[in-house]
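Me: I am new to this structure and would be grateful for a close look at its salt bridges. Please describe the residues that take part and their surroundings.

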Amino acid sequence: MRIELGFDEKGMELVEELKLLTGIKTYKELFNNTNTLLDWAVIQTIQGRLVTSLNEQEKNYKQLVMPSLQHAGRLSEDEKLQVLSKRHVANPFTSKRKEFETAKVGS
């Protein structure tokens with residue numbers, strides 16, 4: 001498949017700078033890396049996790065907030081389960097239920 005993207009001057013400068021900073025040589029490689037990162041962030045969000053940057057020395061973090069991640073977080077449980085099963089990712093909803101049921105039985 002061929003995809004054509006249009007960037008303004010600032011956008012193109014950013015693309016070239018990212019290639020330079022990361023050692024990425026081609027636009028295809030850059031696009032594949034961005035897809036991998038966004039896919040990972042979406043899966044984390046669907047699993048109920050925060051996507052963050054941690055400063056271990058200062059013991060603080062900054063959360064990545066993007067409309068696309070917020071949208072993914074609002075999907076129905078069924079939609080989230082479809083995505084997770086498609087990618088063969090553990091279902092956090094099932095494991096939480098099992099933990100609750102185990103705790104309840106053991107009480």
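Reply: E16 and K19 form a salt bridge in this predicted model, with 3.9 Å between their closest N and O atoms. The two residues are about one helical turn from each other because they stand three residues apart in helix α1. E16 is classed as partly exposed because its relative accessibility is 34%. K19, by contrast, has a relative accessible area of 12% and is therefore buried.

By the rule applied here, two salt bridges are counted. R87 and D39 also form one, and their closest N and O atoms are 2.9 Å apart. R87 counts as partly exposed because its relative accessibility is 38%. D39, at 29% relative accessibility, is therefore partly exposed as well.

A polar atom of the K80 side chain does, however, lie 3.0 Å from the backbone oxygen of G73.

Negative charge also gathers on the surface, in a patch made of D8, E9, E13 and E17. D8 is located in the segment before α1 (9-22), and its relative accessibility of 53% is why D8 counts as exposed.

Methods: Residues are numbered from 1 along each chain as its sequence is written. This is a predicted model: local features need pLDDT of at least 70, side-chain atom pairs count only at pLDDT 80 or more; totals for chains, interfaces and linings use all residues. Side-chain values use heavy atoms; hydrogens and water are left out. Patches are made of residues with over 30% relative accessible area and no salt bridge: like charges are joined within 9 Å, nonpolar side chains (Val, Leu, Ile, Met, Phe, Trp, Tyr) within 5 Å. Accessible areas come from the Shrake-Rupley method with a 1.4 Å probe; for residues, only the protein chains shown count as cover. A salt bridge is a side-chain nitrogen of Lys or Arg within 4 Å of a carboxyl oxygen of Asp or Glu. Lys and Arg count as positive and Asp and Glu as negative; His and the chain ends are not counted. The place of a charge is taken as NZ of Lys, CZ of Arg, CG of Asp or CD of Glu. Helices (H or I, at least four residues) and strands (E, at least two) are DSSP runs, numbered from the N terminus. Buried means under 20% relative accessible area, exposed over 50%, partly exposed in between (1.4 Å probe, protein chains only). A polar contact is a pair of N or O atoms within 3.5 Å; within protein, one must be able to donate a hydrogen and the other to accept it, and residues adjacent in sequence count only if both atoms are side-chain atoms.
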